[in-house]
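Subject: Handover of a structure

Dear colleague,

Please find the structure below, followed by a short account of what was found in it.

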Amino acid sequence: MKLTQRHSSISDTRASGLQQIGSSLALAHSAGLVGTLLGKPSRNYYRRLDKPPYSPPGWLFGVVWPILYTLMGLAHFLVRRRGQNDVRYRDEAKRALRMYSVQWSLNSLWSALFFGMRSPFIALAEIALLWASIVATIRRFGRVSRLAAWLLVPYLAWVSFAAVLNFTIWKLNP
């Protein structure tokens, strides 16, 4: 193989990897966009709710979620790439990415339930399903890439906190 052909092949591989990272990140971040569109969050609604003293300031959500979506996207990329590049992981990666799709859908749905329907109770039931689906996704991802699984742990921690907050808001606002 000529040097220029080899260099071209390496460049194509890098470009393909960057495209895959970009699409994985875009997919992860689109959960927030879909949630916003479905929920049409009302700042006035959330401001009017009684909240516990440990409720974080509103601006913190705008900082935390993009970080979590980025970690989710990187985890997705790692599992997807391993499934494409290593036949031993192909089937497990497919199952893991299907589970990822389930948690992605539940993540997007929560805003619609909490903000759109203004139903902390229904959102609480849904966040329990979301939490379980994140745990299942972490387990599935761990079979393909330990790093991918660990990248989802902060997401699980935040959703755990969000579930406690959701529960308390439901109790304070009958």
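Two residues are in contact when they have heavy atoms within 4.5 Å of each other. Among the contacts in the chain with a separation of 6 or more, 81% are between residues 24 or more positions apart.

This is a predicted model, in which local features need pLDDT of at least 70 and side-chain atom pairs count only at pLDDT 80 or more, while totals for chains, interfaces and linings use all residues. Residues are numbered from 1 along each chain as its sequence is written, and side-chain values use heavy atoms, with hydrogens and water left out.

The chain as a whole

The chain has seven helices and zero strands; helices (H or I, at least four residues) and strands (E, at least two) are DSSP runs, numbered from the N terminus. Of its 174 residues, 42% count as buried, that is, under 20% relative accessible area, where over 50% is exposed and anything in between is partly exposed (1.4 Å probe, protein chains only). The chain exposes about 10200 Å², and carbon and sulfur atoms supply 64% of this area; accessible areas come from the Shrake-Rupley method with a 1.4 Å probe.

Helices α4 and α7

Two packed helices are described by the angle between their axes and the distance between the axes. The axes of α4 (residues 90-116) and α7 (residues 153-172) come within 14 Å and cross at roughly 25°. Axes are lines fitted to C-alpha atoms, for helices over the stretch in contact, and angles run from 0 to 180 degrees between N-to-C directions. The angle makes α4 roughly parallel to α7 (under 35 degrees is roughly parallel, over 145 roughly antiparallel, 65 to 115 roughly perpendicular, and the rest oblique).

On the α4 side, Gln103, Asn107, Trp110 and Phe114 meet Tyr155, Asn166 and Ile169 of α7. By class, this contact has four nonpolar, three polar and no charged residues; Ala, Val, Leu, Ile, Met, Phe, Trp, Tyr, Cys and Pro count as nonpolar, Asp, Glu, Lys and Arg as charged, and the others, Gly among them, as polar.

Two individual residues

Phe161 is found in helix α7 and is partly exposed, with a relative accessible area of 27%. Leaving aside residues up to four places away in sequence, Phe161 touches Tyr54 and Pro56.

Arg118 lies in the loop between α4 and α5 (120-144). Its phi is near 55°, a positive value in a residue other than glycine.
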